[in-house]
Amino acid sequence: MKKTVSFLLLCALLVCSLASCVKITKEGVKVIDIPLSEEKYAFAVSKEDTELLAKVNEYLTKITTDGTFDAICDRYFGEGTPVKFTALTEADPSKNQLVVATSTGFAPFEMVDEGGQFYGIDLEIAKGLAEYLGKELVIMDMKFESVVTSVQNGTCDIGMAGLTITPAREEMVTFSNSYYNASQVLIVKANDTTFDNCKTAADVEAILDTFTADKKIGCQNGTTGETYIVGDLDNPDGYGFKGLKATKMGYDYAALAVTAMRQGEIDYVILDNAPANAIAKSINQ
């Protein structure tokens with residue numbers, strides 16, 4: 001009997017130990033909601049396609065004045081329910097199509113579920129835009145850094161991927177009117193108190209400036225977050241970010257960077273505010 005009790009106690013201890021480990025790997029996160037930059041999102045169109053650009057701006061004006069855009073945002077930031085839909089994923093030049101370049105995994109702007117259904121602020125706008133133009137919608141999902149290039153080389157008609165307007169990108173494509181103001185923010189583990197007393201961007205940056213190469217900060221490849229970490233003072237058309245001494249760790253998708261932080265592979269993540277808060281909400285619910 002004593003052996004049986006001892007064995008059961010040992011099993012209980014093992015279960016508690018395993019549960020403790022799982023809790024660590026599934027630790028929550030929090031967003032230090034202090035803007036480290038200010039930027040504007042817009043859609044990218046080929047410099048030659050002035051007709052499409054005009055129609056895109058026309059549609060953006062329509063949905064921002066008739067309440068459609070607010071309703072879409074409410075489905076992701078409020079109490080609404082996201083609208084999921086299917087779309088073609090391969091273009092056919094013989095058909096009247098709107099071919100959209102995007103990079104899913106950037107909640108709440110572009111996402112795809114396990115069944116292949118698309119949703120997100122940008123992609124709901126893409127669906128509405130295709131209907132407005134009387135075209136068949138094609139969504140080509142790719143790495144973020146390929147989105148603008150695919151529009152520039154004519155593979156896709158329009159880039160809709162939470163794109164920030166930058167001088168470098170404006171040399172490659174033409175941007176629509178801006179539809180969303182974004183900023184870079186820091187994501188930390190829920191129990192990390194390093195930045196809790198920060199009130200301003202200067203407070204956050206003062207701490208970030210103390211980090212050396214042993215600290216690892218994650219980001220999504222090709223984004224403003226990456227530029228913030230590596231700096232761009234040598235680029236006259238850049239943001240003017242001085243960069244950090246911490247080691248940059250790039251990932252193809254924002255959620256992968258946050259996962260790496262939760263697993264202890266990196267220390268922090270710098271990301272656009274909307275996806276940062278969407279990912280944190282998903283993890284912590």
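The charged end of Lys-215 sits over the ring of Phe-211, 5.5 Å from the ring centre. Lys-127 likewise lies over the face of Phe-85, at 6.0 Å from the centre of that ring. The model is predicted. Across the whole structure, a search finds 15 aromatic pairs.

**Phe-77 and Tyr-180**

- This pair is stacked, because the ring centres of Phe-77 and Tyr-180 are 6.4 Å apart and the planes meet at 15°, under the 30 degrees that counts as stacked.
- Phe-77 belongs to helix 3 (residues 68–77) and Tyr-180 to strand 9 (residues 180–182), so the contact ties together parts that are 103 residues apart in sequence.
- Phe-77 is partly exposed, at a relative accessible area of 44%.
- Tyr-180 is buried, at a relative accessible area of 16%.

**Tyr-228 and Phe-241**

- Tyr-228 and Phe-241 form an edge-to-face pair, with 5.0 Å from centre to centre and 65° between the planes.
- Tyr-228 lies in helix 8 (residues 224–230), while Phe-241 lies in the loop between helix 8 and strand 12 (247–251), so this pair ties together parts that are 13 residues apart in sequence.
- Both Tyr-228 and Phe-241 are buried.

**Aromatic cluster**

- Ring pairs link Tyr-41, Phe-43, Phe-69, Phe-77, Phe-106, Phe-109, Tyr-179 and Tyr-180 into a cluster.
- Phe-77 and Tyr-180, the stacked pair, are both among the members of this cluster.

Methods. Residues numbered from 1 in each chain as written. Predicted model: local features only at pLDDT ≥ 70, side-chain atom pairs only at ≥ 80, totals over all residues. Heavy atoms only, no water. Phe/Tyr/Trp six-rings, centres within 6.5 Å; stacked < 30°, edge-to-face > 60°. Helix = DSSP H or I, 4+ residues; strand = E, 2+ residues; numbered from the N terminus. Buried < 20%, exposed > 50% of the residue type's maximum accessible area, 1.4 Å probe, protein only. Lys NZ or Arg CZ within 6 Å of the ring centre and 35° of its normal.
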